[in-house]
Structure formats: C-alpha cells, structure tokens
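This report looks at selected local features, a helix pair and the nonpolar cores of one protein model.

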Amino acid sequence: MSSTSSIENATSPLDWLEGTLLVIKENLPIFPANEYSKVADLVKNHLVRNQKTPENFFDYLNEKNSKRPIDNILLGFSLEHGIGTIPNLPKAFLEYQKAAKAKISFGQFFLGYCYDNGIGTSQDQGKAFELYSKAAEVGHLEAQYNLALCYDNGEGMIKNSEKAFELYSKATEAGHLKAQYNLAVCYDNGEGTIKNSEKAFELYSKAAEAGHLEAQYNLALCYNNGEGTIRNSEKAFELFSKVAEAGDLDSQYNLALFYANGKGTTKNSEKAFELYSKVAEAGDLDSQYNLALFYANGKGTTKNSEKAFELYSKVAEAGDLDSQYNLALFYANGKGTTKNSEKAFELYSKVAEAGDLDSQYNLALFYANGKGTTKNSEKAFKLYSKSAEVGHLGAQYNLALCYANGKGTTKNSEKAFELYSKAAEAGHLKAQYNLAVCYDNGEGTIRNSEKAFELYSKAAEAGHTEAQFELITCYEYGCGTTKNLVKVFKLHLKAAEAGDKDAQYKLGCCYLNGSGTTKDQTKALKYYLKAAMEGNFLAIYKFNLCFDSRLGEF
C-alpha cells in the first residue's frame, strides 16, 4: 500500500492538515525567528501523536496532484525545515510563493519571511515589507509583528517608531507574546510613545508569566531598579535565577553580582565566583574583570595573583581602563608577574590620558621619583595639579609638597598652606601634620600655636608618630596649650610600649626625675636598657651612669 493511501485511510486529511497548520500558527508567535526550527519539532511531535511519520506526511503532500494553498504552505515548511525530507530552501520558497499568489495571508507571511532572511532567494527587505503589509492587513498576527519589526528597525522602509508601537499594540491585543514583550520595551524606552515604566512593568509581567525569557530578565531589572514597581531584590534574584538556568549570560552575570553583594539572597562568594567563571568563559569582559578581582583578593576562591594578572591582561587588551589600571599596579609591585616599572608607567600613561585621577596621580609619582621613566619634577607637578583640581587628596598633598619645597615649580608657602588645608579638612593624615607645622612655624600663614596644637592632637590620635612627638613638645613647654607633664609622661608611655626607642629613653628620664609620674629609678633603669638595646646612645650613657651610681634595682 502506498504512503498516500495510508494517510488518506487514517482520518480526514483536511482535519489533520489543518491541525498541523494550527500547530505552526499557534507557535510562531512564541519563538524568535531564529528558533522556528523548534516549531518544526512541535510539528513532528504532532504528527507522531496522530500516528503519522514525517516521511509519510511529506510524501502525501508532495504526491498530491491538485494542491491547495494549505498544502503549499505545509510543503514549503517541510522543505524549509527538513520534515520527512532533506531541506531544500529554493523549493520551499516556490511553495510559499504559490500560496502567496493565491492571496493566502499565511503564504504571504512565509514568502515575506523568505525575502526578509534570504531563504531560498536573494534577500529583499523591500519585498518582505510589502508582503508582511498585505498579510497584516487581513489580521495575520506574525505578519503584524514582523511588520512592526520592519518599522522599528527601518528595514525595507524608513524607520517609524510610532507605527511600530501601533502594530505591536494591535498584535499584543490579539495575544502575541513577542509583540507584548516589544511593546513593553517601547514603553520602557519611550520609543514611539511616551515613556511609561508602570505600563512596561505590567507588560513584562504578562510576557514573563507566559515564559518569555527576555521579559523575565527585564522584569528582574524592573524589580532591581525599582522601575515601574517597588524595588524588590528578592524578586529580582528569583527571576535572574530562572533565566540564568536557561543559560542566559546576562542573568548569570547579574546573579553573580547578587551573590557577591548579598543582594536578594545570602552573600555567597563561592557561588558568585562560580557564576563569574561561567560567563567569563563565554568571553564576557565584565565577568573576566570581576573574576580577576576575586583571584586578586582570594574571594570565593584561593588567592591567585598570577591568574588575576592573566585575566586583567585579557580585559585590558580590549581597552578596559580599570583593568589597565590594575595591571599597572601589578607591574609596579611585581604582583602575579615580574616587576616592571616601565610597563607600569606605560599603562598608567594610557589610563591617565582618559582622565583617570588615580592613574594621573600614580604617573605623577613615577615622574617625581624617576620610576619607569626619566625623573621630571615639572611633569609630576602638572599631573598633581590636574588631579588636585578635581579633589584627589593624595595629589593635593603632594602638590602642597611641591609648592613647599619649590619642586617642579616656584616655591610658594602660601599655596602649600592652602593645599595642606584642603587635604587636611578631608582627613588626609600627613596633610594635617604638615598643616600643623605651617601654623607652628608661621609658614604660608600667621603663626598660631593653638591651631598647631589642635592639628597635632588630631594627627597624633590617628597614629601619626611625628605628630605624637610634637604634641609631647606642646605639653612639655606649654605651646598652644597649658603645660602638662602628666600628659607628656602618658604620651611617652604610649610610644614606648609601641617600641619607639626615643620614647623609651624619654620615659626613663620621666621615671628618673619624677616628671609627670612618681619617681621610680628601677623603672627608669628598665626603660634606659630597652632603648639602649635598640641603639639609643643617650640611653646607653644614662643606663651606664645609673648602673654605676647604683640607682634602681636590676
């Protein structure tokens, strides 16, 4: 028995042929054009469920003497996607053409699709637009959607966002999933209509519920940024997770960010590292950069400077400024690679040109110290000036030093004082100390012992050693404050316990003379010995003197 008669004896051909066409019609709006092969798979499943093989299906259509437009469409689809036969695109085109000539909207759509994508014929977007228009006029949903795409992208005609919006709206009303998503994008970006985040959110939600992955991703962004809805990190995390599972790289990257920062979920550096690794493998630069940070800091993985260096190098080659800057740091410090000041200088120069403040500052340091390049105080001064202007603290401090010492510019104590003031206000420790010195000595300003004392106190509290000693002097001689020998003793004690040999010597003197504390010759001897062992010559002399005079017990 021939394949044709076996088909005819099954059920009414009209029933199952129309059923097959319905499978195509219902699923085209769900899948992107580059995934129409999935619709073909659904057709094959439909045939199997109806006890028909794809080969019998194709033979039946192909051997019919008198073909209706429905037969031409199904035959064209079979030839395009290899259902029961070897794919033959030129023949598929001819079958679609026959259906289109009969003014069947589905035939017009498929023929338009062939012209649009160069399937079985030369690409001609003008003809595609014309055919989509014809099919859309009589209500063909996929044609309306594709026509909207033509207007949206200016394919086959002049770009017209308003017309695209109108067509997306029409197709959305009829339940077209892809149109629903694109309409949401229009509202989201204010394309062809007034921007409306709430409407975009509503449409993304609908399309996301129907399983549209891009809609789920954009809905996650809405929740993440609080656009069109209340910010909800947990909901965003949930949606990114869903889309990430389907292999979407952007979602995997965002999910990594959420795990890294404990956003919408418990912080999990290991999980973040795993996800960055996945996306980095696919060539994503942001993931490669973040992965480098993880390796550099031993976050979510074992610290590996060599691996970090390798990744920074890769991303730096693609022109990423942050990677170029970090790579310069690695070369400058010999981290993950051999120390190379020249290479570091070259990279800082590149990033500095793009206006990066830290690179300009580091480049200035290289010029100032002749590191990786010839020493050039004038060039260093210029670069410090650039960064200082926009508030870089280190640059402000170093620029003040340049003015204070006449390095790379004319000496200007007033300018140095002004810059120390700026940096000190912002909490720069060394600037606070140097500003105190300016007030103490009347450099670039009127001498003010009280102000000097105040600044020495601030810097000393933050652990500045020289400021601590200047503060001792202030208390010892009553400079800018009331003379206070008890304070002097306490400050010497603090520095001595931190291992400072000069403070140990001074503390010995305090105990010996009972200055600011109870006289204690044994303790005096103890601290003189400590300082002497560290090489303080005065302490050696005093220890020997006390020891010979039998002062204290040892």
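In this predicted model, Q51 is exposed, because its relative accessible area of 77% lies over the 50% that marks exposure. Q51 belongs to the loop between α3 (36-49) and α4 (54-63), and, although Q51 is not a glycine, its phi is positive at about 60°. Most residues other than glycine have a negative phi. K103 also carries a positive phi, near 60°, and is likewise a residue other than glycine. The loop that holds K103 runs between α6 (89-101) and α7 (105-117), and K103 is exposed, with a relative accessible area of 71%.

A further loop residue is N412, found between α23 (393-405) and α24 (413-425). N412 is partly exposed, with a relative accessible area of 28%. The C-alpha atom of N412 is separated by 8.7 Å from that of C402, the two residues being 10 apart along the chain.

| Residue | Relative accessible area | Class |
|---|---|---|
| Q51 | 77% | exposed |
| K103 | 71% | exposed |
| N412 | 28% | partly exposed |
| S305 | 16% | buried |
| S269 | 15% | buried |

S305 lies in helix α18, which covers residues 305-317, and S305 is buried, since its relative accessible area of 16% falls under the 20% limit. When neighbours within four places in sequence are left aside, the contacts of S305 are Y295, F330, K335 and G336. S269 lies in helix α16, which covers residues 269-281, and S269 is buried at a relative accessible area of 15%. Residues up to four places away in sequence again not being counted, S269 touches Y259, F294, K299 and G300.

How do the axes of helix α9 and helix α10 cross? The axes of α9 (residues 141-153) and α10 (residues 161-173) come within 8 Å and cross at roughly 160°; because angles over 145 degrees count as roughly antiparallel, α9 and α10 are roughly antiparallel to each other. The crossing of α9 and α10 is left-handed. On the α9 side the contact is made by L141, Q144, Y145, L147, A148, L149, Y151 and D152, and on the α10 side by S161, K163, A164, L167, Y168, K170 and A171. Sorted by class, the contact of α9 with α10 comprises 10 nonpolar, 2 polar and 3 charged residues.

In soluble globular proteins, nonpolar side chains tend to be buried together. The largest nonpolar core here has 154 residues, of which I24, F77, F109, F110, Y204 and Y384 touch the most other members. Helix α11 (residues 177-189) supplies the largest share of this core, with 8 residues. For Y384, the residues touched, not counting those up to four places away in sequence, are Y361, A364, L365, A368, A395, N398, L399 and C402.

Key:
Residues are numbered from 1 along each chain as its sequence is written. This is a predicted model: local features need pLDDT of at least 70, side-chain atom pairs count only at pLDDT 80 or more; totals for chains, interfaces and linings use all residues. Side-chain values use heavy atoms; hydrogens and water are left out. Helices (H or I, at least four residues) and strands (E, at least two) are DSSP runs, numbered from the N terminus. Buried means under 20% relative accessible area, exposed over 50%, partly exposed in between (1.4 Å probe, protein chains only). Contact means heavy atoms within 4.5 Å. Axes are lines fitted to C-alpha atoms, for helices over the stretch in contact, and angles run from 0 to 180 degrees between N-to-C directions. Angles under 35 degrees count as roughly parallel, over 145 as roughly antiparallel, 65 to 115 as roughly perpendicular and the rest as oblique. A crossing is left-handed if the near helix is turned anticlockwise from the far one by less than a right angle, and right-handed if clockwise. Ala, Val, Leu, Ile, Met, Phe, Trp, Tyr, Cys and Pro count as nonpolar, Asp, Glu, Lys and Arg as charged, and the others, Gly among them, as polar. A nonpolar core is a set of buried Ala, Val, Leu, Ile, Met, Phe, Trp, Tyr and Cys residues joined through side-chain atoms within 4.5 Å.
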